[in-house]
Amino acid sequence: MFSRAYRTIVTVPPLAWVAVFLLVPYALMFCYSFWSVSAAQTIVHSWNFANYQELLEKPVYWQTLLRSMWIAARVMLFSLLLGYPLAYFLSFYAGKRKDLLYQMVIIPLWVSYLVRAYAWKTILGSDGVLNTLLQYVHLTKHPLEFLLYSPFAVVLTLTHIYTPFTILPIYAALEHIPSNLVEASHDLGASPSQTFWKVIFPLSIPGVVAGATFAFVLSLGDFLAPLLLGGPSGIMISNIVVSLFGAAYNWPLGAAISLGMLVIVVTLLFVSERLEKKWSYS
Amino acid sequence: MSSLNTLSNLATPNAQPPAKTLLSIRNVAKTFGANLVLRDISLEIAQGEFLTILGESGSGKTTLLRIIAGFEAATSGELWMSGDRLDHQPPYRRKVNTVFQSYALFPHLTVEENVAYGLRVAKRPDTEIKQRVAEALDKVKMTAHAKKKPSNISGGQQQRVALARALVNRPQLLLLDEPLSALDANLRRQMQVELKSLQREVGIAFVFVTHDQEEAMVMSDRIALLRSGELEQVAGPREIYNRPATAYVAQFIGHTNLLKGEVRQSIAQCGSLSWKSNLPDGPFLFSLRPEHLRISGGTPGAVHTRAKVLVQAFHGATDLVRVECADGLVLTLRTPSGGIKGENLEVEFEPADAIPVRESPERT
């Protein structure tokens, strides 16, 4: 059908891209994770499981991992709680304003992540917008310290940043529900709320799963929000990886953590895809 | 003009419903923006009746059905059902169920769960739900497929499930929106018969929407013919066929010859054809069914004319033959198959079979 030359031109560049920028780095990382660092700060190319053993033995690593998952879980939950109603409203009730509102969901995605994270810093800081306002209206006497440099700040910022990622797949799923199913439900005597729980929500589950996966996976691997707003109590697993590859100069351990993360994320994506398939009927 | 008015009294467009009125549609109109979809529809539907709303696509028939179901609000007019105002109630409070054109089965529920849906949301006891669902599935012969998802059964089976899902709620009125249009011709004819006998059995009033005049003729107690948002005629299949009120009805339901003519002093004159008539003087349009034209046997009192055969089309048991009279008038007649030999023949019809019809005004 297509000439050999055409197929070569079309397929080789992307494959080369994937090989050079994905497969090779992963292979390198895989190797590093079994190596070690000598006292003289050089990489020792001897193969053993010492790094993985250290991960399991030192509580700081899996505690940080658990904290990261707990933060990601909260971000996922809040993104869904905020995103679902908005997507539902957009799909069923927005009418003529649908396109405008949809764009308003999209626009924040064009703004740099850093700008949005810094914006929260100015809002949540001890002499930030929020604390100044609270003191001005005499709700508080002193600045609230837990607002910034805390897991709270990280969850808040990540929720703000990743909610659009949950809205979009949920909205897409809702838009795919044929209107005659909603009509059939009403026709059979189901009230609007019965119709929501028995027809609309079950049929939107693939979108919810996709949105939840986005929010969780993207939050789990985040390192800028905890770096800028997390403080010591808000450190996440990626911050440890960054420091291991940087100041601590322990690439092998950093690689081991990264690989562990990769396994967790790939497993999550796999489960999420199975769930989406299980609940979709097109 | 006076003759046309007299005529509209002769062929009453709204026949009286035979039994107790269930649903009363009063002066319903519907506009979508500047688009007038229905204008001034008044129609009574009797208990246990099979009424078909027949019309071309765009005639407003589906909109009328959706107004009865409650998915659309009428722009003006009222709906009354068993003495209560219906159009003020949301669709989920109306004792009306719908079989949708594309069936609209819930894809995430099994056949059984689909049928149970209405009873579940009404919070009926489990034992009752189980029993009624089993009965309904049995009635449409779908018991064997109860545990399947809609995507795993055929179109005809989905259609039965949609029917069971609606009927299990024992509505007073069942609305069917071209439910057979997605089926192939054979299955379709079979379902027409099944649907009709099912309707007789359950005794629920059916309002059936279709664009297929044959389907309407086979199934209905009465047919309401819609044209461009207005009711053209409401009558039983035989009456609507034998006494079409307008030229449009005569042409839409079966084949017909439309003869433009004039009555003067009790003589109707259409080109070279003439016969005695008791209509008042004035211009008239007559509908003459092809089967009422026959090869002349010199019957006394019949209208005769010589004609030349143009085309013969084979229609199984009968042929449809187009002939041209001496004055250029082209007529279609239905004869037993292979009954016409030769080019020239004499045809005749009974004056009583030339039915005066109203001209159907152009509408947009």
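Strand β11 (residues 257-264) of chain B pairs with β12(B) in the antiparallel sense over three bridges. Helices (H or I, at least four residues) and strands (E, at least two) are DSSP runs, numbered from the N terminus. Two strands count as paired if DSSP finds at least two bridges between them. The model is predicted: local features require pLDDT of at least 70, side-chain atom pairs count only at pLDDT 80 or more, and totals for chains, interfaces and linings use all residues. Residues are numbered from 1 along each chain as its sequence is written, and chains are lettered from A in the order in which they are written.

Strand β1 (residues 21-32) and strand β4 (residues 76-81) of chain B are linked by five bridges in the antiparallel sense. B:R26 stands opposite B:E78 in β4(B). In general, strands of a sheet pair through backbone hydrogen bonds, either parallel or antiparallel.

Chain B is divided into domain 1 (11-246) and domain 2 (255-357). Their centres, taken over C-alpha atoms, are separated by 39 Å. Chain A is likewise divided, into domain 1 (1-32) and domain 2 (50-278). The C-alpha centres of these domains of chain A lie 32 Å apart. The domain bounds come from an automatic or database domain assignment.

The secondary structure of chain A comes to 12 helices and two strands. Its C-alpha trace spans about 75 × 75 × 35 Å along the principal axes. Of its 282 residues, 33% count as buried. A residue is buried if 20 or more other C-beta atoms lie within 10 Å of its own, exposed if 12 or fewer, and partly exposed in between; C-beta atoms are placed from the backbone. Among contacts in chain A between residues at least 6 apart in sequence, 72% join residues at least 24 apart. Two residues are in contact if their C-beta atoms, placed from the backbone, lie within 7 Å.

A nonpolar core is a set of buried Ala, Val, Leu, Ile, Met, Phe, Trp, Tyr and Cys residues joined through C-beta atoms within 7 Å. The largest such core has 103 residues; B:I68, B:A164, B:V207 and B:A224 touch the most other members. Helix α5 (residues 155-167) of chain B contributes the largest share, six residues. Not counting residues up to four places away in sequence, B:V207 touches B:I45, B:L51, B:I53, B:L65, B:I68, B:L173 and B:L175. Another core, of 50 residues, lies apart and includes A:A153, A:I161, A:M236 and A:A255.

The contact between the chains takes 19 residues from chain B and 15 residues from chain A. On the chain B side, α3(B) gives the most, with three residues.
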